[in-house]
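Let's take a friendly walk through a protein chain together. Have the sequence and the 3D view ready, and look up each part as it comes.

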Amino acid sequence: MRKYLLLYINLLAALFLMVPGLQAKEKSFTIVIDPGHGGKDPGAIGYSAKEKSINLAVALFLGEMIEKAHPDTRVVYTRKTDRFIELDERANIANRNKADLFVSIHTNSVKRGSSVRGTETFTLGLARSDENLEVAMRENSAILLEDDYLQKYEGFDPTSTESYIIFEFMQNKHMEQSIGFASSIQKEFVKTKRANRGVKQGGLLVLRKTSMPAVLVELGFISNREEERYMASSSGQRALARALYNAFDRFKNEYDRKKGALNGAVSRSPAQQQQVMPERQTATTTVAVAKKGTVVYKIQIMTSDKKLPANSRQFKGYKNVSSFTERGLHKYTYGESTNFNEIRALRRKVAKDFKDAFIIEFVDGEKVNK
């Protein structure tokens with residue numbers, strides 16, 4: 001008996017010594033996956049399926065894929081079952097877990113016909129079209145099922161267009177990362193032959209209080225019978241999850257690359273440095289060639305995942321618009337000056353046409369990230 005006891009003790013000791021090699025890789029990245037609606041809130045209802053069920057199925061498939069391929073990533077769900085979670089609590093879950101990325105998964109619907117189809121991904125901002133506002137109103141209407149929602153959301157009425165004015169000048173410091181991730185998601189959906197409805201902005205309460213890059217994905221239209229069948233099928237749900245995973249994989253790899261660069265593990269080559277240098281422009285404000293180390297202010301008027309021609313209608317007639325590339329996105333600026341008050345005055349004028357315009361800084365041709 002003593003012989004077996006000694007063997008058992010030796011085996012335990014050997015296993016104990018092997019623990020460091022058996023331990024899971026340290027979790028250095030956290031993603032919060034938010035299946036929209038749930039419980040008493042079914043979301044949009046199709047001919048035979050409910051949005052809440054589609055959202056949850058795709059979310060679970062996505063989380064499973066991430067956990068298998070990225071052992072250093074912690075996956076947190078706002079819900080893993082059919083239960084009701086308040087909108088502000090979804091954001092709170094992400095903030096409490098100090099998430100690096102927040103993905104809210106939803107299914108679209110329209111009342112005016114069943115031919116509308118396609119995927120679209122939203123970031124936080126003012127809905128600049130009736131269609132985008134309609135999406136925001138529908139998603140935000142979930143708060144009507146919450147107790148004391150007027151007090152909790154400071155009098156916000158999801159059915160009133162006036163309530164959405166609060167999103168007019170709301171700037172999220174993670175906006176650029178969110179737009180980049182949203183663009184990547186849409187590109188992956190296109191690869192799966194899904195109709196691309198683009199990256200949009202909307203006054204979405206679930207994104208308002210998140211303190212990390214965050215997007216809300218509309219997988220398709222449950223009001224379209226063909227899309228409903230696709231989204232309700234296991235194969236369709238897996239394909240949608242795979243598209244989301246591919247976009248996540250790209251985001252995570254970029255995150256790891258930048259983290260390595262910050263730790264001194266990666267150094268940029270001259271060619272890579274040149275890639276993020278802004279293109280020179282004829283300034284719309286008078287500015288001399290800045291001395292080395294001098295801050296030059298510019299006004300960023302818009303961001304696009306496509307390179308726009310100089311005469312693009314999206315510039316609304318503005319001339320001498322300059323651009324630079326950052327994180328795979330084309331960013332367009334107007335004006336430049338070493339005088340902050342001068343550029344601030346110009347921004348006020350530009351804001352009449354580009355309401356989201358904001359001031360950015362460059363030093364020696366490099367953008368200063370704050």
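**The whole chain**

Keep in mind that this is a predicted model. The chain contains 11 helices and 11 strands. It has 370 residues, and 47% of them count as buried. Now think about contacts between residues with a separation of 6 or more: 79% of these in the chain link residues 24 or more positions apart.

How many residues does the largest nonpolar core have? The number is 34, and the members with the most contacts inside this core are I31, I33, I105, L219 and L244. Several elements each supply at least two of its residues: the strands β1 (29–35), β2 (73–77), β3 (101–108) and β6 (214–221), together with the helices α2 (51–69), α6 (175–191) and α9 (234–262). Helix α9 gives the most, with 8 residues.

Leaving aside residues up to four places away in sequence, I33 touches A59, L62, G63, I66, V75, V76, Y77, T78, V103 and I105. There is also a second, separate core, made of 25 residues, and V76, A136, V206 and L207 are among them.

**An open sheet of five strands**

Next, find the open sheet whose 5 strands follow the order β8-β9-β7-β10-β11, with antiparallel pairing. Which strands stand at its edges? They are β8 (322–326) and β11 (366–368); each has a single partner strand, so one side of each is left without a neighbour in the sheet. On average, neighbouring strands of this sheet are turned by 45 degrees against each other, direction ignored.

Because 8 of its 10 residues are buried, β7 is largely enclosed by the rest of the structure.

| Strand pair | Bridges | Example of opposite residues |
|---|---|---|
| β7 and β10 (residues 358–363) | 6 bridges | I299 and I359 |
| β7 and β9 (residues 329–337) | 7 bridges | S304 and H330 |

Helix α6 lies across β7, β8, β9, β10 and β11, and runs at about 150 degrees to β9. Helix α11 (residues 340–350) lies across β7, β9 and β10, running at about 20 degrees to β7.

**Two loop residues**

Finally, compare H37 and K98. H37 is not a glycine, yet its phi is positive, at about 65 degrees. Look for H37 in the loop between β1 and α2. K98 is not a glycine either, and has a positive phi of about 50 degrees. You will find K98 in the loop between α3 (87–96) and β3.

Is H37 buried or exposed? Its relative accessibility is 7%, so H37 counts as buried. K98, with a relative accessibility of 70%, counts as exposed.

Definitions and conventions
Residues are numbered from 1 along each chain as its sequence is written. This is a predicted model: local features need pLDDT of at least 70, side-chain atom pairs count only at pLDDT 80 or more; totals for chains, interfaces and linings use all residues. Side-chain values use heavy atoms; hydrogens and water are left out. A nonpolar core is a set of buried Ala, Val, Leu, Ile, Met, Phe, Trp, Tyr and Cys residues joined through side-chain atoms within 4.5 Å. Buried means under 20% relative accessible area, exposed over 50%, partly exposed in between (1.4 Å probe, protein chains only). Helices (H or I, at least four residues) and strands (E, at least two) are DSSP runs, numbered from the N terminus. Contact means heavy atoms within 4.5 Å. Two strands pair if DSSP finds at least two bridges between them. Axes are lines fitted to C-alpha atoms, for helices over the stretch in contact, and angles run from 0 to 180 degrees between N-to-C directions.
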